[in-house]
Amino acid sequence: MTEDDIKAAFLEELISVAPDLDAEDIGGNDHLQDDLELDSMDILNLVTALHERLGVNIPEEDYHGIETLNKAVAYLAGRLG
Amino acid sequence: MGVFKMPSLGADMEEGKLVEWLVGPGDTVKRGDVVAVVETQKGAIEIEIFEDGVVDRIDAALGTTLPVGAPLAVIRGEGEAAAPAAAREPEPVPTAQPAKPVPAPPPVAAVAGDIPASPAARARAAELGVDLSGVTGSGPGGAVVLADVDAAGKGKRKPAKQGLDLDAMREAIAAAMTRSKHEIPHYYLEHEIDLQKADDWLRARNADCDPGDRILMGTLFVKAAALAARDVKGMNGQYEDGFAPSKTVNAGVAVALRGGGLIAPAIMDAASQPLDQLMASMRDLVARARSGRLRGSEMTQGTITISSLGENGVDGMTAVIYPPQVAIVAFGTPRVAPRVVDGAVMARLCVHVTLAADHRVSDGRRGAKFLKQIDTLLQSPEEL
């Protein structure tokens, strides 16, 4: 899976969790909670969706590793690689 | 033979727009079935029926806005004969409030009429708030077509969900909170709870779980508050003509909507639900609150509200009671703070909890008992 594939998958699941966001608007360094206003329930739903889609089980202590799109792509690439 | 009427989905609701029928004449219905969808200031709400029977006839047409109490359908009891033809004349709407005509789309810009644009492009521009005068048309004669508006509208937030008008919701919140502050003599109590045990327990529990089985701290808050509300008198119920305590705790959970807006639908009998089930109920409720698909009973049968500021908020909040309830409990954002444990200062995760309660029903001593009970329950998280 390339980084572009991971990015597309992450964005798709993020939009599914927060359908009022627009993928075009999300910057690589936007913070999921501070900038995009996801709450802890949204984050858990995103982590659940990523687990189902990519098979990556992200433990709670790693949540900071997916707090922006750029960080998430790097983190997931590391776990998948 | 019963008349199914436009229900009141909150003290501040005067009318609703019927947008969907899920049943038709001849269909069998039972108590609790969702039979219609009504659009209100708080979004689209699924309306349940409160009797068993067969739909005899539908009286209200889709798209009409009707006052609370207007007849929507006639339900005949099981085994009851169909209404004779003579009785089938539609009943007049009692308060004779005419259905509002569909409003014309707002003008997009003062000069919109001068700009050549397709009807679909105009409608989309109004929806997205795009000014047509700033859009370069690619259609015949430079006319603005749908694709041009979509291109110009990129980057704008998608329109709110169908039936979710945030301005209307703000009005509804203002009306309910004004009524609350006018009618309810609030009193307030504050307490700091040591959450370290609950946090340690939760982390250990979640570490062994797939994400789908994890539980949030907010679920522990709702469970502890619901159990305390069941045990301590004067916190759980509704005040209409005097206080009516409730045997079950229907915990209203305040859900903030991105873009503004707040809604507090209830989880029925929250005190009896094991934590994993309560977590599933909260996930489901939050998802439906965001998509604008709550049920009438969830909007009207709450008996206490629990508000949580989440992980990235501030220390505390003094909340306003949601009428006709008599108490609301607000949990701040948990923070590590110095706390004396067994004579030594230690860094512990703590949360600031604030109760607003109704002096017509209880006083500070009772409220203090309630907050202390929440504290005690959170010290034994494994028993929640």
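**Close-up views of a predicted two-chain model**

**View 1. A:Glu37 occupies the loop that links α1 (3-17) to α2 (40-54) in chain A.** Helices (H or I, at least four residues) and strands (E, at least two) are DSSP runs, numbered from the N terminus. In this predicted model, local features need pLDDT of at least 70 and side-chain atom pairs count only at pLDDT 80 or more, whereas totals for chains, interfaces and linings use all residues. Residues are numbered from 1 along each chain as its sequence is written, with chains lettered from A and ligands numbered from 1 in the order in which they are written. The phi angle of A:Glu37 is near 60 degrees, a positive value in a residue other than glycine. With 17 other C-beta atoms within 10 Å, A:Glu37 is partly exposed; the C-beta atoms are placed from the backbone, and a residue is buried at 20 or more such neighbours, exposed at 12 or fewer, and partly exposed in between.

**View 2. Residues 1-80 of chain A carry the annotation "domain: Carrier" in an unreviewed UniProt entry.** UniProt annotations may be inferred rather than shown by experiment. The span is 52% helix and 0% strand, and its end C-alpha atoms lie 8 Å apart.

**View 3. The contact takes 19 residues from chain A and 20 residues from chain B.** On the side of chain A that touches chain B, six residues are nonpolar, five polar and eight charged. Contact here requires C-beta atoms, placed from the backbone, within 7 Å. Ala, Val, Leu, Ile, Met, Phe, Trp, Tyr, Cys and Pro count as nonpolar, Asp, Glu, Lys and Arg as charged, and the others, Gly among them, as polar.

**View 4. Strand β5 (residues 43-48) of chain B is largely enclosed by the rest of the structure, because five of its six residues are buried.** Strand β4 (residues 34-40) of chain B runs antiparallel to β5(B) and is joined to it by six bridges; pairing requires that DSSP find at least two bridges between the strands. β4(B) and β5(B) form a hairpin with two residues between them, and B:Val34 has B:Glu48 as its bridge partner in β5(B). Strand β16 (residues 294-295) of chain B pairs with β5(B) in the parallel sense over two bridges, with B:Leu294 in β16(B) opposite B:Ile45.

**View 5. The peptide bond from B:Pro323 to B:Pro324 is cis, with omega near 5 degrees.** B:Pro324 belongs to the loop between β17 (304-308) and β18 (327-331) of chain B.

How values were computed
Two residues are in contact if their C-beta atoms, placed from the backbone, lie within 7 Å.
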